[in-house]
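Here is a quick tour of a few local features, with the cut-offs stated as we go. Have the viewer open while you read.

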Amino acid sequence: MNHLEPASQSRQQQIFTVTRLNSAVRMILEQDLGLVWLTGELSNLAMPSSGHWYFSLKDMSAQVRCAMFKGNNRRVPFRPQDGMQVLVQARVSLYEPRGDYQLIIESMQPAGDGMLALRFEELKRRLGAEGLFDEGRKRPLPREPRAVGLVTSATGAALHDMLTVLRRRASDLPVFIYPTQVQGSAATAQIVSAIMLANRRAEVDVLIVGRGGGSLEDLWCFNEEAVARAIAGSAIPVVSAVGHEVDVTISDFAADLRAPTPSAAAELVAPDRSTRAQRLVHLRQRLTQAMSRHQVAARHGFVLLQKRLDHQDPKRRLEQQSQRLDELDRRLQQHLRDRLHQGERRLAGLAMRLQARSPEKLLAIGKRRHQLAEERLHALIAKRQDLARHRLAMLGARLDGISPLATLGRGYAIVRTPSGEVIRRASQVNAGQTLITTLAEGVLRVRVDEVDNR
């Protein structure tokens with residue numbers, strides 16, 4: 001039996017519970033595969049109140065269940081929907097309670113055009129926050145450009161369209177072409193170099209940067225930050241003409257002017273022949289009017305100079321100086337008379353003040369003040385005496401009203417013991433005791449026969 005025990009123990013070690021098996025598989029999947037990138041189409045998207053997202057990611061032949069917890073889906077910058085193509089980074093895992101193989105999504109972004117659109121919006125927001133698209137930075141296009149520069153493909157239809165419009169509207173307008181790729185990975189650097197070359201040469205007054213229509217990927221070089229900064233930093237005004245009217249690129253926001261198409265850009269920068277002829281007629285009229293005004297002004301200036309020359313005649317100047325001398329003499333005499341009158345008035349005022357302050361007047365005023373003060377003092381003394389007499393009489397009357405003599409005069413008496421103690425109660429006296437009774441007039445000595453304490 002001993003040779004069977006190892007086999008039995010080996011079979012016992014391979015026996016798993018379902019929970020243990022699922023846990024072991026989950027650990028193997030998560031540790032061995034780690035993070036993976038994959039793309040697919042969203043389906044069966046569910047967003048419960050917990051904040052987690054649950055969905056399936058599928059392609060033409062297969063699908064896999066996915067979970068994206070709210071800590072990660074908060075960083076997703078768009079709203080996912082069923083049918084949307086996405087690019088995700090995920091951990092391969094297993095949902096142990098059901099034994100379902102699933103992906104734990106760490107990040108998500110749109111695939112294809114969706115991802116490009118997201119990059120477009122982020123760059124537009126960032127450059128806009130820097131002020132790169134502010135209207136105050138944009139410059140007007142020259143009315144009569146000396147030359148026009150075209151930054152575009154040398155073989156594209158856009159170049160042919162722009163040259164056709166420029167020849168039709170202004171055949172004598174010089175055109176400089178700065179050829180560049182307008183699609184692909186090398187296009188961005190070539191467009192930037194062409195714009196910088198045009199600025200270094202300074203041989204044109206306005207630049208048209210553009211190309212014909214295409215998909216979002218085809219036009220993407222005009223959504224690159226380097227191209228936008230080159231357009232915004234150009235010393236030459238730039239017209240952006242990328243794609244069709246419905247196409248919008250970052251270059252359109254950075255340029256001084258956006259044209260819906262390359263042909264429209266050529267019409268904007270090149271003045272029409274009839275318009276130029278009308279402008280020349282208008283300029284000729286303005287020149288004629290300016291020359292006429294200049295002649296009138298010159299004649300008027302000549303007349304003024306003639307008058308000034310007449311005024312500068314020596315005889316006339318001598319007469320004017322003589323007249324001015326007489327005027328100054330008259331003003332001097334008048335000034336002296338005014339000063340003399342002022343002195344006389346001031347002297348009279350001082351004399352009056354001196355007379356008012358003479359010792360005799362001051363003494364008379366002092367005597368009068370003393371007399372008035374003495375009279376006021378006597379009157380005050382008499383008044384105070386009258387008040388004192390009246391108050392004394394009132395106090396005497398009040399004193400008489402509370403005087404003990406007045407009380408005695410009304411029939412009352414004051415009874416005392418021989419020692420002088422005033423008797424107020426019958427209990428103070430004993431029978432046979434002698435008391436002294438004071439009346440209003442005279443004093444009685446009486447003997448007490450009986451005491452009644454009631």
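A polar contact here is a pair of N or O atoms within 3.5 Å; within protein, one must be able to donate a hydrogen and the other to accept it, and residues adjacent in sequence count only if both atoms are side-chain atoms. Keep in mind that this is a predicted model, where local features need pLDDT of at least 70, side-chain atom pairs count only at pLDDT 80 or more, and totals for chains, interfaces and linings use all residues. Residues are numbered from 1 along each chain as its sequence is written, and side-chain values use heavy atoms, with hydrogens and water left out.

| Side chain | Partner | Distance |
|---|---|---|
| S234 | side chain of N199 | 3.1 Å |

S234 sits in the loop between α7 (225–232) and β9. Helices (H or I, at least four residues) and strands (E, at least two) are DSSP runs, numbered from the N terminus. S234 counts as buried because its relative accessible area is 4%; buried means under 20%, exposed over 50%, and partly exposed in between (1.4 Å probe, protein chains only). Not counting residues up to four places away in sequence, S234 touches R139, I195, N199 and L207, where contact means heavy atoms within 4.5 Å.

H52 belongs to the loop between β1 (35–46) and β2. Apart from neighbours within four places in sequence, H52 has contacts with A46, M47, M68, F69, K70 and N73.

F69 also turns up in the lining of the largest pocket, together with Y54, F55, R65, C66, A67, Y95, R98 and Q102. The pocket search runs on a 1 Å grid over the protein atoms alone: a pocket is an open set of points where a 1.4 Å probe fits, with protein on both sides within 12 Å along at least five of seven lines, and lining residues have an atom within 4 Å of a point. This pocket holds about 200 Å³ of space, with grid points joined across faces, edges and corners and the volume taken as the space filled by probe spheres set on the points. β2 (53–58) and β3 (63–68) each supply at least two lining residues, and β3 gives the largest share, three. By residue class, the lining has six nonpolar, one polar and two charged members.

Next, the aromatics. How many aromatic pairs does the structure hold? There is one: F133 and F253 are tilted, 5.5 Å centre to centre with 35° between the planes. Rings of Phe, Tyr and Trp (its six-membered ring) pair if their centres lie within 6.5 Å; planes under 30 degrees apart count as stacked, over 60 as edge-to-face and the rest as tilted. The pair joins distant parts of the chain, 120 residues apart: F133 is in the loop between α4 (113–130) and β6 (148–152), and F253 is in helix α8 (residues 250–254). F133 is buried, since its relative accessibility is 14%, while F253 is partly exposed because its value is 24%.

D247 lies in the loop between β9 (238–242) and α8. With a relative accessible area of 16%, D247 is buried. Leaving out neighbours within four places in sequence, D247 contacts G213, L219, V242, D252 and R258.

Finally, helix α9 (residues 262–269) has P262, A264, A265, A266 and V269 buried. Those buried residues pack against β6, α5 (157–169), β8 (206–211) and β9.

Notes: Nonpolar A, V, L, I, M, F, W, Y, C, P; charged D, E, K, R; others polar.
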